[in-house]
Structure formats: structure tokens, C-alpha cells
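Let us walk through this structure together, one piece at a time. Have the sequence and the model open beside you as you read.

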Amino acid sequence: MSNEITFTIDGKECTGKKGQTIVEAAKENGVYIPVLCHYDGLKPAGTCRICTVRVGGRNMAACTTPVAQNMVVQSNIPEIEDMRKAIVEMLFVEGNHMCPTCEKSGNCELQALGYRYTMLAPRFPYLWPVREVDASAPRIYIDTNRCIQCLRCVRGVTAKDGKHIFGLVRRGDRTAISVDPELAAKMTDDQAQKAMDLCPVGALLKKEVGFAVPMGKRKFDSKPIGSEIEGN
Amino acid sequence: MGNVADAVKKSVKKYGGDATQLLDVIRDVQAAMGCVSEEAILQIAKQLDVSRVDIEGVVTFYHFFSKQPVGNYAVYLNNSAVATMKGRAAVARAFEQEVGCRFGGTAEGGNIGLFDTSCIGMNDQEPAAIINGVIFTQLTPERVKDLVADMKAGRDVKDMIKTMGDGQNQNDLIRSMVNNNIQKKGQVLFDPYEAGSALKKAVSMEPVAVIDEIKKSNLRGRGGAGFPAGMKWGFCRDATGNKKYVICNADEGEPGTFKDRVILTELPGMLFEGMAVAGYAIGSDEGILYLRAEYAYLKNYLENILENLRKKGTLGKNAAGKKGFSFDIKIKLGAGAYVCGEESALIESAEGKRGAPRNRPPFPAQYGYMGKPTIVNNVETFCSSVKIVLEGGDWYSKMGTAQSKGTKLLSVSGDCKKPGIYEVEFGMTIQTLLEECDGRQAVAVQVGGPSGNCVGKRDFGRRICYDDLATGGSIIVIGPERDLLEVVHNFMEFFVEESCGWCVPCRAGNVILKNKLEKIMHGKGTAADLKELEEWCLIVKNMSRCGLGQTSPNPIYTTIKNFREIYEARIQKDKDYITEFDLAASVKDSCAFAGRKPHLEEH
């Protein structure tokens, strides 16, 4: 029995495998669907909703929805694209994002999506929340002003016995990423680096290293986000 | 109060070190120590051998857990819109004056704490509060004076109740002042039947035949979403798994609903029988009643009902005399979170975690509680299934409308003379209901609670059913003297408070919507603001992950549709743009600090 699935995204014939999500299958077919919380190899979380697509008239997150035979996916349509842009704007106003002073500038996926969606100023008024900064762990610096709560760190960096180093606390608009202080204190250099690499923004930084790659020579400085998939 | 480590140890031991019982452990520690301190969190993490941040995540998720001391007497005063209509402001002021602190704090050397809380399921007898688990209804400023005096004197909370409510509220195991307010008994739920007869009949049938009967009845989920119950049971029966669960969702948190409270008080045997019927039908031996924390005052009573059912042989091994069929039910308490009414969030919570909904697929019928096939149904759904088994699916489907069969329990509150419970056949018009509850002067009716639809007079001829105006049961009558936007604002505050925080559009979007609404309410809105407000509602509805965010803009969205003139009267038509920025408010703190008056130029 064949595991191959055929489906379309915005009319383009695509093939995928049973069990793949729309985001994964789209990528293999050269179709870029924007993501923030998704990270290859991590269990999907569906927190950011920027990968929302329309299937059969219903909106669903492409990172958590499996592809199905003959599925008709609408992705790059004005209505969806505008709502994706709105998500980027919501993230900018719900946190405190000061790109010019951020170590992640140029490597930041949120910033890169801001450029992709030609966001000049967010349509929503800034909320200017008071957010916590935690520099108590020896190897990692946590600035929740920049956190978009994608949960990549929660999913991707755990202690040896599988315990969560990172986790969500509180609820509603007070929800935040926090750490188990003892487990955070025991993080290795490799774990700190991994956390920083997973973090799409500048909320998690490895201590004692800064601007190792100068601005102007960073990931999105020369090529816009998505170009690695779209190939232009 | 004892030592934190000992309190934790005692509770962890009581639950066999089972991390899925985390909510119970936290509740015990909170009761013993008055709060769940950093030290308590550390101890729980150590003794359950889980990460500290996971414990902190759960403690800080639920409204009734607190890292700060809540007082020997913790007063949780309902802040639902109907509580406000019924005089909550004066009651809250009286509490603050008598106790000597603002809401959100404690006074009297930490003896008494005052806290707001989302709808506690007492909308028919507001203003109401929960003090150490005991419900106090129809509060007045005078009554508050007495209550605070009693608390200052150190009286037992149970002894502060002066009058008992009706029916089983007077039962020795409840002894509550809550009233049932059953205004109308219909032919399904409130028509008496012989207890145990439905389960006896069910076990004489093939399980699939039971499911077929439910399918034939077209019974739809009574929590509000309306998913066909028979189909859900069928999916779960067909799912592979060596263990299956039946969960009853008794976490009615939609502001304005209180019907399940009355079923749990007056018809608990029928509910448990319905769960057993479902257990037989899907091939499950274990049921869980997930009871909202606000209804914890019913727990001992319900436990006793379960014990009696075991003694009678309705539950337990060879239940209802059926060889090889075992079924028992346990009760799990929530801890204050509206979102746990969403079935997958409820399952997470029952597993001792934060009550955030799961991504679907997989659906609970395949992967539910503890990863096993699970059905989650509403209290009223299980009760209805009892009558369907007894009387047949055809009998049931003769009642109602084309797509909504049977009867529905409505919780009616607000500006009407006869608030309470109405069992009505689906298809009743709003107008007829308003006549029955004596709310004829209504200018608006909130159908289905804040997440539903706010309709005006021109829609009063519409029908209550899934095909037209759907409701999980909440009906709030709004009279001509109310400021509808104040009601809408109350609902938006509710959603901001109750969003689980998982996804961006719901977490940030509801705050943004509430702020924009406030701008218009404060007379600083323009036509552009109103247009944006409506557009932004659609962003939150379309992009949110679960039903909460998909419906949370409805208070604004449906009132703009149905009462646009109210918004238009509040905006400044001659201006194109008014800034959100408030210079006077922005310099208020620094001016106060410097002892100067702000020098503000007209801008």
C-alpha cells in the first residue's frame, strides 16, 4: 500500500507522506508556509498560529494538521496573509521588542517575518507590558520582554532525565516562560547554545558571548526568511 | 499551621506519589498552609520527582491556588455581569470597608482575604460569594457587615449560614443556602423514573444497540458545541485500547449557566446511571466526574450517592447484575479555570496538568485521558441518555426541531422576575421564554453566555436550538436600564482573565479588543476605531486555537452587528483620529512624586 498522498496548496499539485503535517509536506514541495513555534524535529505546539491555512473553508494550523489525500489547502491568499501579518504585529505589541539593541537582530525570525510582511508599524497599539529578566543561571540569560512563548525551549531542551528546564507559568496575558532554577543552573554550554539556537527571538541568550557574528552578516541580512524553501 | 515539608509529604503519600493527582496535592497543601509558597512548590517537586517549573506552572494556572496567603477566610466574590446588575458594587464596597483592604489583598493580620472570581454558577441568586468553599447568595451590604463580624470573631463558616436552600440543598451532606429555583419541569430530565431501570435495560441489550438508540435519538452534546453524542460514543467504542474512560464534564463555567448545579443537587443518581450506560456502551469500566471547584460544596454528598449506588450494585463489579461488566466512578475536582470546560483541556487538568487544550487530531475518542480512548460528555447529556435508553430514540426525536431533538435545560438570569431553571423543548422562541420568566421589558438577551450571541428585540422571534440560536444553557436577560457596553466589557474582562495563554491571538488579541472597546466607551473612539474593532474580532475568531478564542470576540462582534447604534452614539463622528495616548495619565505618577501639577498643552 502506498503511503504517498497527493494534495494541492493554492492550486499547486503536491505530494506528501502519510503522517506528515501540512507544514512539513509543503516544505518538501517548495512551498513556504510561515512558522514561528514550529521547529523541525520538535513535537508541534500550535502556539503562534501564523501557519494558519484554510482547508475546506475552515482555518487550521498547518503545523499540527496532517495532510490528507486530495486535501485542498489555501495558504497564500490575501485574507490569510493579512491575518498572519496581524499575528506578527500582535507579537510586537504584546512584548517589548527593541530590535536595534537586540543580540538576535538579523537572526531573529520574528524580525524577519516583520520584513516579509512589510510591517511598518503594528496596526495595534503597543501594550508595553512589564516583563521579567532572569540572569541568575550561570550560562543562560532569559529576557521575557522578547519572548513569544513558542515553547521551542520547553520542548527542545530538557534535563538528562527528561525533566523540564523551561515551562509555562501563569495564564492569560500574564503567561510567561520560566525555569526550574536548579535545573537551569546545571545547564551545560551545549544546552545553553541549543536553547539560544532554538529560540526564534532574543529571549534566550548564551552568556559571555555577544555579537560573535557582526550585524550585516547574519542569517536574514542577505536572504529573507522563507527563501531557503521558495528558492529565490 | 504545621511544617510545609510535612504537609506536602502527608498529601503526596495520601495519593501514592501519583503526579496525575497534582491538583489534589496542591489543594491539600493550600488548605493546610493557607497558600502554596515557593518552599511548598519546591517540596512538591522533590517529592513527586518532577520539575519545579511544572509545579509552579500548575499552581499559577488555577484561580483557587495561590502562592500568597489568601487568609483564614478567603472570600471569592463573583464578578459576573449579572452579579453587577444585582448590586455587586455595593457589596464589594461593604466588604472592603468592613475588612479594611481592597480586593486582591488580605487584612486583619492576614485573617481575611478578598478576591474577585469568575462566574460561580449562582447567577439566579446574585450577588454571591464563596468563603472557604461555602456559598453565600443574595448578599447585601448589611449581610456583609454580619459576615465580616463573624469572621473577625473566628466563627466557623458553615455556622454563618442563616437559612437553608430548597430541596437537597438541605441534605445533611450539603447544608447550603443555595436555591434550586426550578421554574419549569419538562418531560425528559425532570419526569421521574425508576432509578436503575435504564442501566438494567441497557445491559440487557448489545452495547452497539445502546449506541444505535442514542444515534437514533439525535441527542447532541449539551455543553454548547452540540456534537452528536451517539457518534462520539461510537468512535470511542471502535477505537482500539485496553482501557477506556467515561468522563463527565461538570465544569460549567460559561457565565450565566447553573443548570448542572441543579442536576448535581437533585438528579445525581440519574447522572451516574447515564455514565454507567455510556460505560457499558463503549466498553469502559471507569468513569470520572470532573467537578468544578466552585461546586466542591456538593462533593461529600455526591461521594455518598456513589457509595449508595455501589451498595445497591448499580456500580462496581458485575454492575446492574451484568456478569463481566464492571463500572465505577470517581470524582476529580477542578481548581478554577473556565477553559477546562473544553474537553481536551479538561483531560489535561484531570491528569494533573495546566488546563490548556490539546492540539487535535488526535481526538479524545482515540487518545484521551491517560492516552486512552475517552468520551467527555456534559452532565445533561448523560442524564438525557438515561431517558433515551428507557423510552427509545424515536420517542426522544419526536421532540424539538429538525436538528435539535429533545429538551434543553436553560439557566435564566438577569433582568427577569423568575430567574432559574427551565426545561424546555428545543425550538422555543426567545419571546416565549421572556414571557415565562417575566422578562418582558428586555431590550437584549445574551443567548449562550458571553461566547454566544447577544440579540435584540427584532430577533426575539428566533428559536432556541442548534439550527438557530444555540446555547449550552446560559440565557441572560438584559433590561432597558443597563448600559449594554458595560455588560460587553465585563464579558471581555472575563475572557482576558480566562484565556489559557497558549496561542497568540487569544492571549494578546482579547486584551487588544478590550482596550479598543474601552477607548470607544471613554468617548475617544472614531468611526475608524469602530471599523477596526469589528475587523480585529475576526482575526481573533479566525486564528485562535480552541473554542475559547474562536468565540471570545462574540460579545463585541454580535453587539456591533445587532446594536450598532449604541457604538455609533459613543464615537466622535467629526474626528478622523484620536490617539490612545493619554498624556495626563502618563505623567500622573511622576507629578504626584514631584508634588507638581501637570502642565498640559492642548494637543
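The paragraphs below go from chain A to the interface and then into chain B.

This is a predicted model, in which local features need pLDDT of at least 70, side-chain atom pairs count only at pLDDT 80 or more, and totals for chains, interfaces and linings use all residues. Residues are numbered from 1 along each chain as its sequence is written, while chains are lettered from A and ligands numbered from 1 in the order in which they are written.

Let us begin with chain A. Its domain assignment gives domain 1 (4-76) and domain 2 (86-209); such bounds come from an automatic or database domain assignment. The centres of domain 1 and domain 2 of chain A, taken over C-alpha atoms, are 25 Å apart. Their contact takes 11 residues from domain 1 of chain A and 13 residues from domain 2 of chain A (two residues are in contact if their C-beta atoms, placed from the backbone, lie within 7 Å). On the side of domain 1 of chain A that touches domain 2 of chain A, the residues divide into 8 nonpolar, 1 polar and 2 charged. Here Ala, Val, Leu, Ile, Met, Phe, Trp, Tyr, Cys and Pro count as nonpolar, Asp, Glu, Lys and Arg as charged, and the others, Gly among them, as polar.

Chain A also holds an open sheet of 3 strands in the order 6-7-10, with antiparallel pairing. Two strands pair if DSSP finds at least two bridges between them; helices (H or I, at least four residues) and strands (E, at least two) are DSSP runs, numbered from the N terminus. Strand 6 (133-134) and strand 10 (204-206) of chain A each have a single partner strand, so one side of each is left without a neighbour in the sheet. Strand 7 (residues 140-143) of chain A pairs with strand 10 of chain A in the antiparallel sense over 3 bridges, and A:Ile142 stands opposite A:Leu204 in strand 10 of chain A. Helix 6 (residues 189-198) of chain A lies across strand 7 and strand 10 of chain A, running at about 140° to strand 10 of chain A. For such angles, axes are lines fitted to C-alpha atoms, for helices over the stretch in contact, and angles run from 0 to 180 degrees between N-to-C directions.

Now to the place where the chains meet. Here 34 residues of chain A are in contact with 33 residues of chain B. Helix 2 of chain A gives the largest share of the side of chain A that touches chain B, 6 residues. That side of chain A divides into 16 nonpolar, 10 polar and 8 charged residues.

One residue to look up is B:Glu498, in helix 18 of chain B. Leaving aside its neighbours within four places in sequence, B:Glu498 is in contact with A:Gly172, B:Ser118, B:Tyr338 and B:Val339. B:Glu498 is buried, with 26 other C-beta atoms within 10 Å (buried takes 20 or more other C-beta atoms within 10 Å of a residue's own, exposed 12 or fewer, and partly exposed lies in between; C-beta atoms are placed from the backbone). B:Glu498 and B:Ala337 are 161 residues apart in sequence and 6.5 Å apart in space, C-alpha to C-alpha.

Why is helix 22 (residues 554-562) of chain B described as largely enclosed by the rest of the structure? The reason is that 7 of its 9 residues are buried, among them B:Pro555, B:Ile556 and B:Tyr557. The buried residues of helix 22 of chain B pack against elements of chain B including helix 18 (484-498) and helix 19 (504-521).

Strand 10 (residues 374-378) of chain B has 5 of its 5 residues buried, so it is largely enclosed too. B:Thr374, B:Val376 and B:Asn378 point one way from strand 10 of chain B, and B:Ile375 and B:Asn377 the other way. Strand 7 (residues 245-250) of chain B runs parallel to strand 10 of chain B, joined by 5 bridges, and B:Val246 has B:Ile375 as its bridge partner.
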